[in-house]
Amino acid sequence: MRIPAAALLALLLTPCARAAAPAVPYGNNPAAGHYYDIRGFKMYCEEYGQGPALLMIHGNGGSMAAFSRNVGYFAQKYHVILADSRSQGKSADLAHPISFEMMADDFAALLDTLHVPQAYVIGWSDGGINALLLAMRHPGLVRAMAISGANLWPGEDAFAPGIWAGIVKQYHDSERKVWTTDREMNDWKLFMLDYEQPHIAAEDLKAVKCPCLVICGDHDMISIPHTVLIYRSLPKAELWVVPDSGHATLMEHPADFDRVVDGFFSAPFHAR
């Protein structure tokens, strides 16, 4: 969810999460970066490491740099695939429309372009929504996934107390503004994406056949009851409520996040 990007990052990231970034310029690394023609736009992608494929999907208004504190760990044993979602990061083709279903299909097309028949997936925030839809719309493509801070629909019952009211206020404060630049129009498009979407029925999660680790912070912007609903609706799922964490679990607690998610991917899976 986006509040917008600059304000959201300032709100969500703890001083620990805002510590100095790693030496590798993830998201701006010419040695690892490539553009691919994906479904009508050029998608920016970086790849690191060798092993089973692991796709990482960032949140609204961000970029692959969201995973800067996680890539180094996972690249030791996985083929890490980072990509900027359409209209975001370096995949900023501003003119085209956007929906979560479109983005899920974009990632499926990217994996096909990279000749990856199946991948683990980590999705944070909107990236978690994309991961769910990727597994629903492209059965068999996702080997297992970990999603953090995802929601099934917009609205007060999906968010922690007070969060949705602030988003509604921002909508009413901005709905009559005249946007004069491409950047402003794109920012509004991304805001409206989360204001109006997604629309995933809990019962539709039965279509997700792969194992899923469902994550939220104990003071996440997505409510714990909503996260538990996602967990209970998935056929093969485990739940992790991260102590002393807001929305940015992977940034606030990167070592714990990496260890737990890797452990989930490595362990045998059983339906609950």
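A residue counts as buried here when its relative accessible area is under 20%. Keep that cut-off in mind as we walk through this structure, which is a predicted model.

Let's start with Gly 127. Its relative accessibility is 0%, so Gly 127 counts as buried. You'll find Gly 127 in helix α4, which runs over residues 126-137. Leaving aside residues up to four places away in sequence, Gly 127 touches Ile 57, His 58 and Gly 59. And how far is Gly 127 from Trp 240, in sequence and in space? The two are 113 residues apart along the sequence, and their C-alpha atoms are 17 Å apart in space.

Next stop is Asn 29, which sits in a loop, the one between α1 (5-12) and β1 (33-38). Is Asn 29 buried or exposed? Its relative accessible area is 12%, so Asn 29 is buried. Setting aside residues up to four places away in sequence, Asn 29 touches Val 24, Tyr 44, Glu 46 and Tyr 48. With Tyr 48 there's a polar contact too, made side chain to side chain at 3.0 Å.

Finally, take a look at helix α9, residues 254-266. This helix has 13 residues and reaches 18 Å from its first C-alpha to its last, close to the 18 Å expected at 1.5 Å a residue. Which residues of α9 are buried? They are Pro 254, Phe 257, Asp 258, Val 261, Asp 262, Phe 264 and Phe 265.

How values were computed. Residues numbered from 1 in each chain as written. Predicted model: local features only at pLDDT ≥ 70, side-chain atom pairs only at ≥ 80, totals over all residues. Heavy atoms only, no water. Helix = DSSP H or I, 4+ residues; strand = E, 2+ residues; numbered from the N terminus. Buried < 20%, exposed > 50% of the residue type's maximum accessible area, 1.4 Å probe, protein only. Polar contact = N/O pair within 3.5 Å; in protein donor to acceptor, adjacent residues only side chain to side chain. Contact = heavy atoms within 4.5 Å. Expected span 1.5 Å × (residues − 1).
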